[in-house]
Amino acid sequence: MPWTSRKQVFGFLAVPVIMASSLAAQTAATTGSQVSPLPKQSVASATPPQAAHEPTRADILRGAYGEDRANNDLLYYHLDIRVDPEKKIVSGKNTIRFKMLKDGNRIQLDLNPSLNVDKILLGSTELKYERELGAVFVNFPETMRAGHTVSIDFYYSGTPVTTGRFGGFTFGKDPQGRTWIYTACEGIGASIWWPNKDQWRDEVENMEISVAIPNGLVDVSNGKFMGKTDLGDGYTRWDWFVHYPINNYDVSINVGNYVEFSDKLGDLPLDFYVLPEDLDKAKKQFVQAKGMIEAYQHYFGEYPFKKDGYKLVEVPYSGMEHQSAVTYGNHFANGYLERDWTGVGISPKFDFIIIHESGHEWFGNAITAADPSDMWIHEGWTTYLESLYVEYMWGKDDAIKYLNGYKSKVESKQPIIAQHGVNANPPSDQYFKGVLFINTLRSVVNDDAKWWKLLHEFFQHFKYKNIMTEDVVAFFNQKTGMNLAPIFNQYLRHTAIPTLDLKFDYSAGTLAYRWEVDEPGFAMPVRVGKKGDWQIIEPTAEWKTMRTPIKKDEFDVATDLYYVNVKKE
Ligand SMILES: [Zn+2]
């Protein structure tokens, strides 16, 4: 998603902090991930992650991967709903299929308290359940054995809450006063409008989405369009099939008076859905989708949701990376909401929302963080993808200039990685400091051919997986043969960036240098001296000395390639 304040998201379920000891223990125990094994590095941190606020009971229920979640592995959802724009009611069911990983007699699902649970069926047996805030604990009549596949039908109904950054679930109107219904629920969670296992670690393997709406309207959801069926009662059901793992918040419905046009990139179908009055503007602006996909395919490999196609869908909010059906509301203009987003004259060359939100198809959707604490894996990387798009289109100088424009947005108030297990809301630095850190990493690798190979392998290794920062660090360490953990830790797990401390001694003709950092064992090479004739030094936290004829005022540090502070004495 694009950066905007998420503060309002967290107001809706303010309850006193009750740290149930079992849940707290489960939170602490949840550090694994679903990726193929790589050597694990110690990434212990000196600074414990800061919570933006004390986690509430609701945050813990949403964020902890407790035993009633960990005892099962999602396989499949069929969300089958009817949306009534007149009564503003959503009703229907989600069929949830999962495999038990451990013996157990209950699982945790989630549904916003504003919605009714109508019934939960296992075959024809009605299951008992308990609700606590946003959680629904479903009880089985007998123990379900590890290895067994279970399918339940979760019936629900009600009026979903309209809230959060882009509306949560909104029964709206388009500018012509026609029905326009849309969802955007990252942060607050998909359980705001449908029942699911609402966390990031576990994704279904594939999913069906069936949406019945009044005749004449169009629903665009994720995946491949399978067809529509006139239900004979004034409603038509639109069926979509998602062939890949999908995170819950990416699941979306967009119901409106859409018209469609399409194109192809090789054999990848591109489908565009806009309001009729915006068709001409969209046909001009959306040609950028092709160059964007070509650029990202160049760096990372094939578009990851090929069987589902690529779609852009007009919405009234700025945009969101809904998997294979990216939503778009950037005024059919370049920049971000018609602004020069990084302020250095590059952003007006392209449509920020097409480039950023679609970048999430690679980072966020194909590779997903296993906990919102590590959301920089989505946002830091996708912000870096913006600069890769610039590099692909206009060259490296423009890319470096573009991403350095993000420096003015860095706040450095708290570490990028937030608290695990509490549905955390990491700070905006995950985007801006995130991209500057990844650019720094490129300079540390100091070999572009190697860097491009590394990026390609990184994506291919982790696509369709849910990972944590530890997995990223282990991968980069293994592939480079370097110990990059202290560098990752300083940028991601501490608030301050490194400061290069320089002390000139003209009488001796020497320069003393060291890093001022929080992270023990931090060492990072950096280019210094004269621009165009850089020399690489390898400072650590201990003072080292070099000879240099360059005076203090002329002595430069390549701060556009390494995101560091410089202190000269
Ligand atoms: Zn984003």
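Buried means under 20% relative accessible area, exposed means over 50%, and partly exposed lies in between, using a 1.4 Å probe and protein chains only.

This is a predicted model, in which local features need pLDDT of at least 70, side-chain atom pairs count only at pLDDT 80 or more, and totals for chains, interfaces and linings use all residues. Residues are numbered from 1 along each chain as its sequence is written, and side-chain values use heavy atoms, with hydrogens and water left out.

1. Aromatic pairs here are rings of Phe, Tyr and Trp (its six-membered ring) with centres within 6.5 Å; planes under 30 degrees apart count as stacked, over 60 as edge-to-face and the rest as tilted. The structure holds 63 such pairs.

2. **Stacked pair.** F166 and Y317 are stacked, at 5.0 Å centre to centre with 15° between the planes. F166 is in the loop between β8 (149–158) and β9 (168–173), and Y317 is in the loop between β18 (310–314) and β19 (319–320), 151 residues apart. Helices (H or I, at least four residues) and strands (E, at least two) are DSSP runs, numbered from the N terminus. Both F166 and Y317 are buried. The F476 and F488 rings have centres 6.0 Å apart and planes at 55°, so that pair is tilted. F476 lies in α11 (469–480) and F488 in α12 (485–493), so the pair ties together parts 12 residues apart in sequence.

3. **Zinc site.** The donors to the zinc ion are M1 (N), M1 (O), H356 (NE2), H360 (NE2), E379 (OE) and E379 (OE), at 2.0 to 2.8 Å. Donors are N, O and S atoms within 2.8 Å of the metal (3.2 Å for Na, K and Ca); water is not among the atoms, so sites may look incomplete. Along the chain the donor spacing is M-x354-H-x3-H-x18-E. M1 lies in the segment before α1 (21–29) and H360 in the loop between α6 (352–359) and β21 (367–369), so the pair ties together parts that are 359 residues apart in sequence. M1 and H360 are both buried.

4. **Charges over rings.** The criterion is NZ of Lys or CZ of Arg within 6 Å of the ring centre and within 35 degrees of the ring normal. The charged end of K409 sits over the ring of W341, 3.7 Å from its centre. The charged end of K283 sits over the ring of F261, 5.8 Å from its centre.

5. K88 is not a glycine, yet has a positive phi of about 55°. K88 is partly exposed, with a relative accessible area of 40%.
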